[in-house]
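This report describes selected parts of one protein chain. The sequence and structure come first.

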Amino acid sequence: MTGLSPELSRRLRDTLSRCGPFDSDRSLRAAFVDARIRPWRDLISDNTPSRATRVDALIEALIEQANDAGDPALALFLDVLADRTSSGDACKQQLDRLAAELRQLPPSSTKAGPTPSAPSSPGGKYVINIHGGQVGAIGDGTHVEGGIHFGGPPPVAPADSQAALIRARRALATLEEQAAGYTSLTIPVNLKLDLEDKRREVAEMEGKTANHQIESPSREQKSLEEPSDSLPASDSIVDKIRSVFTNPFLQQRADSVKNELELYPLNCGDRGIELGEQRLLVSSAFGMYFTGLLERDYNYVNLPAQIECPAMTRGQTLSGIQRIFWALQYPKGPRILIIAAEGGMGKSTLAAKVVRCMMEEEASDVLLGDSAKTQQVDPITGEVRFLEPGYYDIQTFYARLVNQLGLPDVDTPSSALTAIKDRLVGRRAVIVIDNLETVQKGDELLRSLRAIVSRDVRAIITTRKVEGLQNLTVKSLVVHLKPLEDFESVCTFLNWHIQRYAAEYPELERVQDNLVHSTQIMRLIECTGGIPLLLQLVVSDVARFSWEYLWNLPRLFGGELLAYLYETRWEELGDLGVAGETARLILRYIVDNQYRGEPVTLRALSEYLEYAGRLSQLQPALSLLYSRFMVINQDSQRGNFTVVPSLAAFLEHVTTQ
C-alpha cells in the first residue's frame, strides 16, 4: 500500500476492518451504490478470501483514485461509511478523522505529510515582493496578521529556489528536445503530458520568483527595524496582494495549460474511415454493422455528461473522452477498455469514435475484431433489423482474427492465440469486441484476451453486463455511459440527431425550433429515461405527429423495440436461480409502486421480500440488477428505487402475454 505512511496505513486498516462492510465481497460491493463512489464499483474484486484481504484490496484499488474535483476516492468511501454510522458510534468519529487526514495529503501523491505552504522564517515573519516593492507580513505563512510596504529594489530569491528553477529549466529543455523529433500528431501521449507538466512547473516557479520572493530572516528583520517613510494605506497593500493572484500573465498561462491538456480535438474521429484506402491498416473482413460505424461520417456527438470514466492519477484534468484517449495510448495504461451500459446508450458508436480517432492520429497500425450484435434498431422508424453476428463464441472470434490477419486456419483457440500474438509482434493494434454479452461464454473470451493484450495491443469491449469484469487480472478501465438527464445534453444530442437524419426525413426540421422549450425537453427525459436511442425514436415520432404524442405512454414503445432492449436480460434472470427470480420480483414490485407514485425505499423492499420469504436474497438480487443496468437508486441512504419507463413498459408487456 504505497503512498501512505506506515502509521496512517495501520490505522486505516484497523478502522476499516472494525467499521467497514468487509464481511463478504457482496456486502462491500453493496456500499458502492452510493453515487459518490459508484464510478469505482468495478474495481472491487468478487473473489477475496478473507476480511483482511478485502481491506487491503480496497485500499490498493482506491488509493490513487479521485473524482473530477480531486477529492480522493478513499476519503469519499470513508464518508459513505461515516454517513451510515450512528452519531454515537466511535467508528463514526474515527472514519471522519481518517477522511480528513487523507484529504490533507498532497493531491498529486498520497504520501504522508502536510501540503507545502508558504515558506516562513523563525518567528513567522516573511516578505513578499510585489511589483518592485515589498510587503512584510507577520504570521504563520497562512494567516497574515499585518503588513508593511518597504521601498528599495526587489530582493533576490533564495539560492535553493534559483537552483531548483535552473534544474527544472534543464529538464524542460531535455523534454522539448525529445519532442522535437515528433510532429503534433505522432508525439507519444506520455511525452506530451510530461512536457506539459514540466512547462507548468517552470511557469509556476518563474511566477513565484517574480512575484513571491521570500526575504531571508536577517534582511527582513532589518527592514522591520528600519521602515520606509512612505507607507501606503492598508487598502493599497490588500490590492497589491490581490493583484498577485489575478496576474493576467499567470491567468493566461493557467488557461493555456488547461487547453494543452486536451490531447485531441473534439472532432477527432468524426470522419469515417475509407476501408478501401486503408487495406494495410484496417482489415476489410468486418461485418455490415461495424463497417457502417467505421465508414459513416459524424456518427457520434460528444456529450461529456454521459461518460463516467474513473479519474486516473495523471488524467484528472481531462474530460471523459480525453481520459479514454489517454488511457489507450499511455504505455503503462490499461490494456482493456470496457464500455458498459444498457441497450441504446451508444456504446458501439463511442467505441467506433475512439477507434477512428486512434487511426486518424496514427496511434494504431492495425484494427481487428468485429461486432457480435444480432439486432439493430432504426433510430427513426423503430424497426428492429436482424444482423448476422461477426462471431458467436470464442472459437469463431479467433477464427475471425486469424482471417483478418491472413493467417492459415487453426483448429483450437489456443493455437489461434499463439499465431495471433506472434503476428502482432512489433505492431500497434486495436482489437474490438462489440456486444460481448451476446457471445457464448463471453467471460471465457474476455479472460483469453490476457494472452494478447500488451503495451502495443489494446482491446475495446462493449457490453450490457459488468459481472465478472472486476476479476480480470490484466489492467482494465471500465467506462459507464449514463442517461442524458440535463437540458443542455439532451438539446445537443437532439440537434445532432436532426442534422444527421434531416436529409432523409425532412419532417425532423419542424421539431428543432421547439427544442428551446424546457417543458417539452423535460417531458422527453421523463418518458425516455434519458436513453439516447429512445430520445431519437420519440422525437422522430413527435416530428411525424405532434408534441401531444409524448403523453401517450406506455404506447410509445413497440413490442419489438422493448424485446430488443430487455428480453435477453429478463430471460437471463430466469436462469439464475433464486437470486434471479427474486430480481424479477423486485422489478415488478418497483413498477407497481412507481405507477402509483409511491417511492420504493430499502425498508419497503426489505419488508416486501421478508413477506415473500426472500429477504436473504435482497443483496444478491440487487447486485444482478445493478450489473445489468436494470434498476436506479436515487437515494443512497434510505433507497429510492426506480426503473426507466421503457423497462416498465416491457414488464407490463411481459405480464399481459
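**Overall picture**

The model is predicted. Its protein chain contains 25 helices and 13 strands. The chain has 657 residues, of which 49% count as buried. Among contacts with a separation of 6 or more, 71% are between residues 24 or more positions apart.

**Strand 11 and its partners**

Strand 11 covers residues 476–481. Five of its six residues are buried, so the strand is largely enclosed by the rest of the structure. Strand 4, made of residues 307–308, pairs with strand 11 in the antiparallel sense, and two bridges connect them. In this pairing Ile-307 is placed opposite Leu-481 of strand 11. Strand 5, residues 336–340, also joins strand 11, in this case through five bridges and in the parallel sense. Here Leu-337 stands opposite Leu-477 of strand 11.

**Helices 14 and 15**

Helix 14 spans residues 394–404 and helix 15 spans residues 413–423. Their axes come within 9 Å of each other and cross at roughly 30°. An angle under 35 degrees counts as roughly parallel, so helix 14 is roughly parallel to helix 15. The crossing of helix 14 past helix 15 is left-handed. On the helix 14 side, the residues that meet helix 15 are Ile-394, Gln-395, Tyr-398, Leu-401 and Val-402. On the helix 15 side, they are Pro-413, Ala-416, Leu-417 and Ile-420.

| Residue | Relative accessible area |
|---|---|
| Arg-523 | 11% |
| Gln-536 | 9% |
| Thr-642 | 16% |

Arg-523 belongs to helix 19, residues 518–528. Its side chain makes a polar contact of 3.2 Å with the side chain of Glu-526.

Gln-536 is part of helix 20, which runs over residues 532–544. Which residues does Gln-536 touch, not counting those up to four places away in sequence? They are Pro-379, Phe-493, Trp-496, His-497 and Tyr-501.

Thr-642 lies in strand 13.

**Helix 23 and its surroundings**

Strand 13, which holds Thr-642, also takes part in the packing around helix 23. Helix 23 consists of residues 602–611, and its buried residues are Ala-604, Leu-605, Ser-606 and Leu-609. These buried residues pack against three elements: helix 22 (577–595), helix 24 (618–627) and strand 13 (641–642). After helix 23 comes Gly-613, which has a positive phi, near 75°.

Notes. Residues numbered from 1 in each chain as written. Predicted model: local features only at pLDDT ≥ 70, side-chain atom pairs only at ≥ 80, totals over all residues. Heavy atoms only, no water. Buried < 20%, exposed > 50% of the residue type's maximum accessible area, 1.4 Å probe, protein only. Helix = DSSP H or I, 4+ residues; strand = E, 2+ residues; numbered from the N terminus. Contact = heavy atoms within 4.5 Å. Pairing = 2+ DSSP bridges. Polar contact = N/O pair within 3.5 Å; in protein donor to acceptor, adjacent residues only side chain to side chain. Axes fitted to C-alpha atoms, helices over the stretch in contact; angles between N-to-C directions. Parallel < 35°, antiparallel > 145°, perpendicular 65-115°, else oblique. Left-handed = near helix turned anticlockwise from the far one by under 90°.
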